[in-house]
Structure formats: structure tokens, C-alpha cells
Amino acid sequence: MRTATVVRDTNETKIQIALSLDGGAVKLEKSLFPGKEDHHATQATGSQVINVQSGIGFLDHMLHALAKHSGWSLVLECIGDLHIDDHHTAEDCSIALGLAFKEALGPVRGVKRFGSGFAPLDEALSRAVVDLSNRPYAVVELGLKREKIGDLSCEMIPHVLESFAQGAGITMHVDCLRGFNDHHRAESAFKALAVAIKEAISHTGNNDIPSTKGVLR
Ligand SMILES: [Mn+2]
């Protein structure tokens, strides 16, 4: 099983993540919210366990969608400095999730490496293309118009994806191609990214390193 746990503690945020790229059971050693581990956002559907508690509802919704459609199990807890604003929490959760992804994936071999996905959500449509390149790079064009969605600033939404790419060491291009409703535009982008990642991390059936250089690092 491709799993990882990450603990990240700064003056701005305290974060714990348990991730499995292949679904199944995941658990944090000790919850930041004792007795309230299942406070909200918990879903154990089929073989996936997903429980995201970042403190920002719309970010939980996006990371939940990312995990769900990537086929992951994910427990993420964060206590961040939300009395300041959403910036540190959104950014640090994404970096930490990226680091967990990188650790869980391990050396890039025996997987497809490239992945692409489209996901509609009603009138909105997004496209994502990823490369498990070990070259962190993100081009994200979501065309969001609102100031914020719930308690997440719209300017943070592309930054969440960029931060994930940084931590994960992957290249991604994510574009929202059309759509009127910003909630739909953002959600379709995370779902498209999930479809792309699911393909990129899928097993090829051999143990080859998918690079002409013979190395991805
Ligand atoms: Mn939604």
C-alpha cells in the first residue's frame, strides 16, 4: 500500500495528514480534535476513508473531492491561524498534502506518470493534465470572479493547487474552460485534477521508470 503520514508544525499552523493513494484504512496516531475525530466531513464509502478538517469549509469540500475522485483515503486535520485569515491554513494544508503524496508515491516507477482528466459540474467544465515529473510547476487558470467562496478566498484557490504541486513535486496544468458559477468552476477543477492524478499514479503492470533519462528525480 502506498501510504504516508505527515506532521507539520509551525507558528502559523499545526497539521496532521494520513494518506493512502490506494484507499483502504488510514488513521492518525492522535487526533488534534480528541473525541471529535468524526466531527464532520467524514465519509467511509466503499474502501475509502475521507475526513478533512482544515477549519475552512470550502477547502474541506475541495480536498474531499480531490481525495474521493483520486481513489485516495485521506485524513487531514489542521489548527491554523484563521484569526488572521485563510492564507496560512490553505497554503500549509496544500503543501503538507503534496509532501504526503510524494512520500506515499515513493520512486516514480511502475506507474503511468502522465495523466489527464476532464470533469464537468453542471455548466462548468475543467481540464487537468499532470506529470509526475519531480519538477514542481503549476499553471492554473480558473477565472474565478468572486472575492471568496464560503470562507476560502478565491485568490487562494489557484494557490492551493500550486502549493500542492510544490509539495508533491509534480507538474500540473489546470484550466477551467467554461462555467458561470464559481463554486462549480472550482469544484470541477479539483475533480478534473483528481481524474488526472488517478490515471498518472495507476500501475502499468511493469516496474519500469517512465523516463527516457532512466530517472525521475
Ligand atoms: Mn459543491
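## Overall build

A residue counts as buried when its relative accessible area is under 20%. By that cut-off, 53% of the 217 residues of the protein chain are buried. The model is predicted.

The protein chain holds 4 helices and 11 strands. Its radius of gyration is 16 Å, close to the 17 Å that the globule rule gives for 217 residues, so the chain is as compact as a globular protein of that length. Along the principal axes, the C-alpha atoms fill a box of roughly 50 × 40 × 35 Å.

## The nonpolar core

In soluble globular proteins, nonpolar side chains tend to be buried together. Here the largest nonpolar core has 60 residues. Ile17, Trp72 and Phe101 have the most contacts inside it. Helix α4, residues 182–200, gives the largest share of this core, with 9 residues.

## The aromatic cluster

The structure has 3 aromatic pairs. One of them joins tryptophan 72 and phenylalanine 101. The ring centres are 5.9 Å apart and the planes stand at 45°, so this pair is tilted. Tryptophan 72 lies in the loop between α1 (57–70) and β5 (73–80), while phenylalanine 101 belongs to helix α2 (residues 87–105). The pair therefore ties together parts that are 29 residues apart in sequence. Tryptophan 72 has 0% relative accessibility and counts as buried. Phenylalanine 101 is buried too, with a relative accessible area of 0%.

Tryptophan 72 also forms an aromatic pair with phenylalanine 164. This pair is tilted, at 6.3 Å centre to centre and 40° between the planes. Phenylalanine 164 lies in helix α3, and tryptophan 72 in the loop between α1 and β5, so the pair ties together parts that are 92 residues apart in sequence. Phenylalanine 164 counts as buried, at 3% relative accessibility. Trp72, Phe101 and Phe164 form one aromatic cluster.

## Helix α3

Helix α3 covers residues 156–168, 13 residues in total. From its first C-alpha to its last it reaches 18 Å, close to the 18 Å expected at 1.5 Å a residue. Of its 13 residues, 10 are buried, so α3 is largely enclosed by the rest of the structure.

The buried residues of α3 include Met156, Ile157, Pro158, Val160 and Leu161. Ser163, Phe164, Ala165, Gly167 and Ala168 are buried as well. Just after α3, glycine 169 takes a positive phi of about 70°.

## The manganese site

Three protein residues donate to the manganese ion: His61 through NE2, His183 through NE2 and Glu187 through OE. Along the chain they follow the spacing H-x121-H-x3-E.

Histidine 61 lies in helix α1 and glutamate 187 in helix α4, so this pair ties together parts that are 126 residues apart in sequence. Glutamate 187 counts as buried, at 9% relative accessibility.

## A charge over a ring

Another contact involves a lysine and an aromatic ring. Lysine 145 lies over the face of phenylalanine 180, at 5.2 Å from the ring centre.

Key:
Residues numbered from 1 in each chain as written. Predicted model: local features only at pLDDT ≥ 70, side-chain atom pairs only at ≥ 80, totals over all residues. Heavy atoms only, no water. Helix = DSSP H or I, 4+ residues; strand = E, 2+ residues; numbered from the N terminus. Expected span 1.5 Å × (residues − 1). Buried < 20%, exposed > 50% of the residue type's maximum accessible area, 1.4 Å probe, protein only. Phe/Tyr/Trp six-rings, centres within 6.5 Å; stacked < 30°, edge-to-face > 60°. Lys NZ or Arg CZ within 6 Å of the ring centre and 35° of its normal. Core = buried A, V, L, I, M, F, W, Y, C linked by side-chain atoms within 4.5 Å. Donors = N, O, S within 2.8 Å, 3.2 Å for Na, K, Ca; no water. Rg over C-alpha atoms; globule rule 2.2 N^0.38 Å.
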